[in-house]
Amino acid sequence: MARTAPDIPVPALTGKLAVVTGASDGVGLGLATRLAAAGAEVVMPVRNPAKGQAAITQIRRHCPDAEVSLRDLDLSSPASVAGVADQLMDEGRPIHILVNNAGVMTPPRRQVTADGFELQFGTNHLGHFALVARLLPLLRAGGARVTSQISIAADQHSINWDDLQWERKYNGNRAYSQSKIAVGLFGLELDRRSRDGGWGITSNLSHPGVTPTNLLAARPEVGRERDTALVRLIRALSARGILFGKVESALLPALYAATSPDAEGGHLYGPNGFRHLSGPPAGQKLYSRLRSAEDARRIWEISEELLGCRFPAVRTQAPG
């Protein structure tokens, strides 16, 4: 018999503005739906407007009065990131919640962004880094909670410091892990720098466990013409309530991290079941790859250099 998916209460969010990347399907769509149902106005920056409009239709089936809108965003393009950030800056609304959720996973062959960055590093990490940098005034104005979605893959492999763009020997799984480690280090460093600089932003991390979303499904745009065997297995077990979660449960760690008054900056939240693959959300020990403040400072400075964008300078403590 399938397990009943866990759930959590969400505080009233009326009057709050939430931005969720990757909200056109899967966990991101579930997050946008829950935030809208709690009263937040939700902005959904998406790469595919048709999918985005279908997502809005689905949200309004659940919540007819939902305040939801689309913006165009391709996280693999710094120009697109700049465009959506400029649009939101022109609108001038303080942002109270930002969930860095969108991502791409394990293209079978190395691909690069328009600016020559390895696709996973450029999309999952650099795209969100640039988005936060450009939206910083609105995030500060809203005293925002920034939640960055990592993965259990961030507990594997390492950052390939000598070849960040995987030009010499591409490995899709290792490159994916690197991108999620980088996201995690960035999210933790953002919280440190906010505290040191008085930015008023709280930044934390979440991971969804394992669930059958489109990350491992057929995606011709990343060179995957058919579903992987892994995603077929995950789907079969998830449907039976065995081992893996469903979208409804996989979204809960990010929802908790982004909205709960008990969720703290600088912490990681994920499913609390067997091997953290599924289950109700709870605080978790930081993965070993995320514990070095020196690594976090290093990836932050490299990212600023690669993108040509700068956060305000703050006086950070030397690593202990």
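Predicted model: local features only at pLDDT ≥ 70, side-chain atom pairs only at ≥ 80, totals over all residues.
Two packed helices are described by the angle between their axes and the distance between the axes. Here the pair is helix α3, which covers residues 78-91, and helix α4, which covers residues 119-141. Their axes come within 9 Å and cross at roughly 20°. Because angles under 35 degrees count as roughly parallel, α3 is described as roughly parallel to α4. The crossing of α3 past α4 is right-handed.

Which residues make the contact between α3 and α4? From α3 come Val81, Ala82, Val84, Ala85, Asp86, Leu88 and Met89. On the side of α4, they meet Gly127, Ala130, Leu131, Arg134, Leu135, Pro137 and Leu138. Sorted by class, the residues of this contact are eleven nonpolar, one polar and two charged.

The next topic is empty space. Rolling a probe the size of a water molecule over the atoms shows where empty space is left. In this model the count comes to one cavity of 30 Å³ or more. The largest cavity holds about 50 Å³ of space.

What lines the largest cavity? Its lining includes Val81, Gly127 and Ala130, and these residues also take part in the contact of α3 with α4. Also in the lining are Leu75, Ser76, Ser77, Pro78, Thr113, Phe117, Gly122, Leu126 and Leu307. By class, the lining of the largest cavity has seven nonpolar and five polar residues, and no charged ones. The contact of α3 with α4, by comparison, has two charged residues.

Note on methods: Residues numbered from 1 in each chain as written. Heavy atoms only, no water. Axes fitted to C-alpha atoms, helices over the stretch in contact; angles between N-to-C directions. Helix = DSSP H or I, 4+ residues; strand = E, 2+ residues; numbered from the N terminus. Parallel < 35°, antiparallel > 145°, perpendicular 65-115°, else oblique. Left-handed = near helix turned anticlockwise from the far one by under 90°. Contact = heavy atoms within 4.5 Å. Nonpolar A, V, L, I, M, F, W, Y, C, P; charged D, E, K, R; others polar. 1 Å grid on protein atoms, 1.4 Å probe; cavity = no way out; pocket = protein on both sides within 12 Å on 5 of 7 lines; lining within 4 Å. Points joined across faces, edges and corners; volume = space filled by probe spheres on them.
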